[in-house]
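Have a look at the model below before reading on.

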Amino acid sequence: MIKVDIDVHSGFCFGVKKAIEAASELLKQGEDVYCVGDIVHNEEESKRLNQLGMSIIDKKAIGDISSGTILFRAHGEPPSAYQIVNKAGLKLKDATCPVVLKLQQRIKNSYEQQKKVNGQIVIFGKKGHAEVIGLKGQTNDEAIVIEDESQLAEIDFNRPIELFAQTTKNPDILRSIVKLIEERASQDFIWHNTTCKQVTGRLPRIIDFALKYPLVIFVGGKKSSNAKVLFNACKSANSNSYFVSSEEDVDISWFKKGIDKVGVCGATSTPQWLMEKVAQRIKNLG
Ligand code: SF4
């Protein structure tokens, strides 16, 4: 009999958990729920909520809806999205993660301050990512978004600079960008480590977990960047690690002779029920 353990540190972060609870509560009340964008980067969880009646819509489609509740997911939205919902006269459930909301507020305040001194707001993040669109929106879309050090030339080093990071960014890369800006800035430079501990704390933990098992099965959505980062960490710690999106992906050929225990883990967007289904399938194979 194979022993199967599920990593206690894997699964939804509190921001995603809160958004899914908000959706589930509305659906239970019989409400038509329209989530703007994927509620979570996990196809199986999205499928489950869709079967319960939740629709995923594009922001542009809000105007086509006549009733029901619009749900803003954990990533947050720019002020213009709130105006669209208001104008359409629809109900809004704002499930923006409190960490993101606080960051939006900080960027908004800093933008007002920097305007007075001809300064610039810089965001270290992924261009076009939903969270970054929401953050940039706090600055009248004037913030400069940089994805890596190759884009530093977009900053004017002769003006004050205030730097923030998208919550899911790697804090080590953030520090190396800070160093490069410090070397070039001729005016005031302020920076804030706004990466989320719910993400950064997972890396060392998942490595510890992966090292304890002869075989590791990582459960994650194909679209989740967090799943990619955490799986790569697993794989580098333990080469006998495999990525699955559902229990059906588990392959019997991975279970070589002598494997007596298996570790199951996942991303901040992986539901607990899905890791349990994968664990059950492994037990059945055993
Ligand atoms: S990773 Fe952090 S900031 Fe992002 S939704 Fe989860 S708790 Fe919120």
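Strand 6 (residues 120–124) and strand 8 (residues 161–165) run parallel and are joined by five bridges. One of the pairs is Val 122 with Leu 163 in strand 8. Keep in mind that this is a predicted model.

These two strands belong to an open sheet of four, in the order 7-6-8-9, with parallel pairing. Which strands stand at the edges? They are strand 7 (144–146) and strand 9 (189–191); each has a single partner strand, so one side of each has no neighbour in the sheet. On average, neighbouring strands here are turned by 25 degrees against each other, direction ignored.

Two helices go with this sheet. Helix 4 lies across strand 6 and strand 8, while helix 6 packs on the sheet and touches strand 6, strand 8 and strand 9. Their directions look like this:

| Helix | Residues | Angle |
|---|---|---|
| Helix 4 | 98–116 | about 150 degrees to strand 6 |
| Helix 6 | 171–184 | about 170 degrees with strand 8 |

On to the inside of the protein. In soluble globular proteins, nonpolar side chains tend to be buried together. The largest nonpolar core here has 46 residues, and Ala 19, Ala 23, Cys 35, Leu 71 and Ile 123 have the most contacts inside it. Helix 1 (residues 14–28) gives the most to this core, with six residues. Both domain 2 (14–97) and domain 3 (99–196) give residues to this core, so it lies between them.

Cys 35 is worth a click. Leaving aside neighbours within four places in sequence, Cys 35 is in contact with Ala 23, Met 54, Ile 56, Leu 71 and Arg 73. A second, separate core has 25 residues, including Ala 210, Val 216, Phe 218 and Val 264.

As for the whole chain, the secondary structure comes to 10 helices and 12 strands. The C-alpha atoms fill a box of roughly 70 × 50 × 25 Å along the principal axes. Of the 286 residues, 41% count as buried. Among contacts between residues at least 6 apart in sequence, 74% join residues at least 24 apart.

Technical notes:
Residues numbered from 1 in each chain as written. Predicted model: local features only at pLDDT ≥ 70, side-chain atom pairs only at ≥ 80, totals over all residues. Core = buried A, V, L, I, M, F, W, Y, C linked by C-beta atoms within 7 Å. Buried ≥ 20, exposed ≤ 12 C-beta atoms within 10 Å, placed from the backbone. Domains from an automatic or database assignment. Contact = placed C-beta atoms within 7 Å. Pairing = 2+ DSSP bridges. Axes fitted to C-alpha atoms, helices over the stretch in contact; angles between N-to-C directions.
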